[in-house]
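This briefing goes with the model shown below. Please keep the sequence and the coordinates open while reading.

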Amino acid sequence: MEDMIRKKLKEIEKKENIRIIMAVESGSRAWGFASPDSDYDVRFVYVRQLKDYLRLEKTKDTIEWQLDDVLDISGWDLKKALQLMHDSNPSIFEWCASPIVYQSSDAFEELKRIRGDYYSRKKSLYHYLHMANSNYQTYLQGEMVRIKKYFYVIRPLLAAMWVVDKKTQPPMLFSELLDAELPVGLRNIVNELLEKKQKMPEMGMASKIKELDDFIDRQLIEVKKAADAEETIKRDWKLLNEFFCRVVCESIGEYGTN
C-alpha cells in the first residue's frame, strides 16, 4: 500500500504542477491502533510555482485528491500550512510528528526544527479537550458503544494530560501516551479494548466501561482548568516568512521561470 500511496503522490505533483515537501499518515495508523479495515489518512504539504503566489486572484490552497474506503488523501498549500503553524494549529504539528512518512524533503526537516518556536500549550490543550469532549458526548452515552470511539476520546485526553505534565507537544503514538499518562489500574482495561479493536472492523461494538467513563469525566474537568490557566503567547512571523520565501524561491529551479 505504501508504494501505491507514493505513486498517487507523484500523480498529484504532475497533474497539479506542484512539489510535495512532505506527506505523512495522520490517523489511527499513525496513532498505532488501526482496525483491520481502517483507511489510510494521507496528508501532505505542497509548494506551487513562484508565479502562483504573485497572482492577484486568490489561489486555491487545498487539494482534496481522493476519498474512498481505502484512501483519504488531501493536502495544504505551504502558505496555508505556515499560517496555521503561526496560529499553533495542532493538526500541522501532528503531521510533523507522524511516525509514518511517505515523502520527505530538506524543507520538511527544516519545518520540523522550527515548529517548536510556534507551539502553544494553550491552543494544544483546548484542541485535545474539544476533541475528547465532543467524541465523548456524541458517541459514548449509550449502553453499547463503538470500541473505536473510546480511543477517539482516550487518545486526545492522554495527549492533553501529556501537555499538562511534560509542557511539550505530545507524541503521536498511543502506546507512548498510554505508558506515560494512563493510571496503572486502567491499563489492562484499555489494553483489552485495544486488542479487540485491532481484531474487529471499524463498527465493532462493546458495553460501556464505568471505570473508564469515571476517569474521562475527571480528566475533562482537570484539563479544562489547566487550559484556562495557560498564558496566551503571541509569536512573530520572522522564521516562517524566511522559510516560506526560501522554499518558494527554490521552486524556480524546479519549474523554471516561465
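The notes below cover the sheet, the helices and a few single residues in turn.

The model is predicted. Five strands make up an open sheet of mixed pairing, in the order 3-4-2-1-5. Helix 6 (residues 121–139) and helix 7 cross at roughly 155°, and helix 8 has buried residues that line one face of the helix.

**Sheet layout**

- The open sheet has five strands, ordered 3-4-2-1-5, and its pairing is mixed.
- Its edges are strand 3 and strand 5 (101–103), each of which pairs on one side only.
- On average, neighbouring strands of this sheet are turned by 20° against each other, direction ignored.
- In general, the strands of a sheet pair through backbone hydrogen bonds, in either the parallel or the antiparallel sense.

**Strand 4 and its partners**

- Strand 4 spans residues 71–77 and is mostly covered, with seven of its seven residues buried.
- Strand 2 (residues 40–47) pairs with strand 4 in the parallel sense, over seven bridges.
- Two of the residues with bridge partners in strand 4 are Asp41, whose partner is Asp72, and Val45, whose partner is Trp76.
- Strand 3 (residues 62–67) runs antiparallel to strand 4, and five bridges join the two.
- Here Thr62 has Trp76 of strand 4 as its bridge partner, while Gln66 has Ile73 of strand 4.
- Strand 3 and strand 4 form a hairpin, and three residues lie between them.

**Asp72 within strand 4**

- Asp72 is located in strand 4.
- Asp72 has a relative accessible area of 14%, so it counts as buried, the cut-off being under 20%.
- Leaving out residues up to four places away in sequence, Asp72 touches Asp39, Tyr40, Asp41, Val42, Arg43, Gln66 and Leu67.
- One of these contacts, Asp41, is also the residue whose bridge partner in strand 4 is Asp72.

**Helix 6 against helix 7**

- The axes of helix 6 and helix 7 come within 8 Å and cross at roughly 155°.
- That angle makes helix 6 roughly antiparallel to helix 7, because angles over 145 degrees count as such.
- The crossing of helix 6 past helix 7 is left-handed.
- On helix 6, the residues making the contact include Arg121, Leu125, Tyr128, Met131, Tyr136 and Tyr139.
- On helix 7, they include Lys149, Tyr152, Arg155, Pro156, Leu157, Val163 and Val164.

**Helix 8**

- Phe174, Leu177, Leu178 and Glu181 are buried in helix 8.
- Viewed down the axis of helix 8, these buried residues fall within an arc of 100°, so they line one face of the helix.
- As a general point, an α-helix has 3.6 residues a turn, so residues three or four places apart point the same way.
- The cover over the buried residues of helix 8 includes helix 2 (28–31), helix 7 and helix 9 (184–199).

**Residues with positive phi**

- Most residues other than glycine have a negative phi.
- Asn17 is not a glycine, yet its phi is positive, at about 55°.
- The position of Asn17 is the loop between helix 1 (2–16) and strand 1 (19–25).
- Asn17 is partly exposed, and its relative accessible area is 35%.
- Lys167 also has a positive phi without being a glycine, at about 65°.
- Lys167 sits in the loop between helix 7 (147–166) and helix 8 (174–181).
- With a relative accessible area of 44%, Lys167 is partly exposed.

**Arg6 in helix 1**

- Arg6 belongs to helix 1.
- The relative accessibility of Arg6 is 30%, so it counts as partly exposed.
- Arg6 touches Val101 and Tyr102, with residues up to four places away in sequence not counted.
- Arg6 and Leu182 are 176 residues apart along the chain, and their C-alpha atoms are separated by 36 Å.

Key:
Residues numbered from 1 in each chain as written. Predicted model: local features only at pLDDT ≥ 70, side-chain atom pairs only at ≥ 80, totals over all residues. Heavy atoms only, no water. Buried < 20%, exposed > 50% of the residue type's maximum accessible area, 1.4 Å probe, protein only. Helix = DSSP H or I, 4+ residues; strand = E, 2+ residues; numbered from the N terminus. Pairing = 2+ DSSP bridges. Axes fitted to C-alpha atoms, helices over the stretch in contact; angles between N-to-C directions. Arc of directions from axis to C-beta. Contact = heavy atoms within 4.5 Å. Parallel < 35°, antiparallel > 145°, perpendicular 65-115°, else oblique. Left-handed = near helix turned anticlockwise from the far one by under 90°.
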